[in-house]
Amino acid sequence: MISLDGKVAAVTGAGSGIGRACAEAMATAGAAVVVNDRDADAAAAVVAAIESAGGRASSFVADVTLPDTANSLVAHATETFGPLSIFHANAGGAQPLPTDETDDEAYRKIMALNLDAVWSGIRAALRVMLPAGGGSIVATSSGAAVGAAYGLAAYGAAKAGVLQLVRSIAVEYGARGIRANAVIPGPIESAALREWLDKLPDGAAAFGAQVPQGRLGRPEEVAAAVVFLASDAASFINGANLPVDGGVTAKLASPSPE
Ligand SMILES: NC(=O)c1ccc[n+]([C@@H]2O[C@H](COP(=O)([O-])OP(=O)(O)OC[C@H]3O[C@@H](n4cnc5c(N)ncnc54)[C@H](O)[C@@H]3O)[C@@H](O)[C@H]2O)c1
């Protein structure tokens, strides 16, 4: 099993879905974990679950799109458990909306959550990690960053920005002990995806059937990749964009004999 013993991690948007699974998996691997979410009850439930399983966790309730959150989150981690060594910029999401119906305010909200907050979070983490000699940064991007999907133009642009941001951090800071990588989840069963699929006829089954593995993914399957990238087991992996998508981004529309 991969070990994160002695590491101090912070995960944004860790109150549910992929973020929750990542926070719990990091704690199981031995890290002390700061669970950030804007939903206080959700964050508290994750901390309670980690502690009752014998792990160490602390909640930090804040909206990642607010200007002070990134620095305060990193400071909270350092004060509670010691210098931050793993930062997972995970909070994000958007419900599909056609481009011509997306006004400036809706566009700005999507960018603020899915790109600006990732930028400010990574910058705050770097300012603690660099003096400490290094650290590992993981960001949650999306399949919408590498292939276009209905109603996700702004979200996809933001998530593509996340992939480039991670490559840039890898190149700028690799020699100073920082690794930065991204996961590219495909359709993963979470509250956010369910909200969208529930609006569609036969939503989950129809979406799952489009995936080469024939089903939706589970948050725990993304968490396994995030824990690996965050850990010393990935010590020479830097600037990677790792799909966790059952083959979705490998697929070309084509006729099949089966
Ligand atoms: N589920 C998928 O199919 C899928 C696919 C690709 C990428 N992603 C990405 O994975 C990440 C997690 O998505 P999920 O599906 O697990 O979503 P989710 O809705 O299950 O969980 C998101 C969590 O983030 C929190 N959150 C939202 N906005 C926040 C903010 N401004 N500040 C702090 N916390 C905030 C929510 O309260 C919630 O607990 C997102 O970045 C999303 O874009 C998800």
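Helix axes are lines fitted to C-alpha atoms over the stretch in contact, and the angle between two helices is taken between their N-to-C directions. The legends below describe views of a predicted model.

**Figure 1. Overall architecture of the predicted protein****.** The secondary structure consists of eight helices and seven strands. The radius of gyration is 18 Å, close to the 18 Å that the globule rule gives for 258 residues, so the protein is as compact as a globular protein of that length. Along the principal axes, the C-alpha trace extends over about 55 × 40 × 40 Å. Of the 258 residues, 47% are buried. Among contacts between residues at least 6 apart in sequence, 74% link residues at least 24 apart.

**Figure 2. Close-up of the packing of helix H1 against helix H8****.** Helix H1 comprises residues 17-28 and helix H8 residues 219-230; their axes lie 8 Å apart and form an angle of about 50°. This angle makes H1 oblique to H8, because angles under 35 degrees count as roughly parallel and those from 65 to 115 as roughly perpendicular. The crossing of H1 past H8 is right-handed. On the H1 side, the contact involves Gly-17, Ile-18, Arg-20, Ala-21, Cys-22, Ala-25 and Met-26. These residues meet Pro-219, Glu-220, Val-222, Ala-223, Ala-224, Val-226, Val-227 and Ala-230 of H8. Classified by side chain, the contact of H1 with H8 contains twelve nonpolar residues, one polar residue and two charged residues.

**Figure 3. Close-up of the packing of helix H1 against helix H2****.** Helix H2 spans residues 40-52, and its axis lies 10 Å from that of H1 at an angle of about 25°. The two helices are therefore roughly parallel to each other, the limit for this description being angles under 35 degrees. H1 passes H2 in a right-handed crossing. H1 contributes Arg-20, Ala-23, Glu-24 and Ala-27 to the contact, and H2 contributes Val-46, Ala-49 and Ile-50. Five of the residues in the contact of H1 with H2 are nonpolar, none is polar and two are charged. Arg-20 of H1 takes part in this contact and also in the contact with H8.

Figure 4. Apart from neighbours within four places in sequence, Thr-78 is in contact with Pro-83, Leu-84 and Val-128. Gly-246 is 168 residues from Thr-78 along the chain, and the C-alpha atoms of these two residues are separated by 36 Å.

Terms used. Residues are numbered from 1 along each chain as its sequence is written. This is a predicted model: local features need pLDDT of at least 70, side-chain atom pairs count only at pLDDT 80 or more; totals for chains, interfaces and linings use all residues. Helices (H or I, at least four residues) and strands (E, at least two) are DSSP runs, numbered from the N terminus. The radius of gyration is taken over C-alpha atoms; the globule rule is 2.2 Å times the number of residues to the power 0.38. A residue is buried if 20 or more other C-beta atoms lie within 10 Å of its own, exposed if 12 or fewer, and partly exposed in between; C-beta atoms are placed from the backbone. Two residues are in contact if their C-beta atoms, placed from the backbone, lie within 7 Å. Axes are lines fitted to C-alpha atoms, for helices over the stretch in contact, and angles run from 0 to 180 degrees between N-to-C directions. Angles under 35 degrees count as roughly parallel, over 145 as roughly antiparallel, 65 to 115 as roughly perpendicular and the rest as oblique. A crossing is left-handed if the near helix is turned anticlockwise from the far one by less than a right angle, and right-handed if clockwise. Ala, Val, Leu, Ile, Met, Phe, Trp, Tyr, Cys and Pro count as nonpolar, Asp, Glu, Lys and Arg as charged, and the others, Gly among them, as polar.
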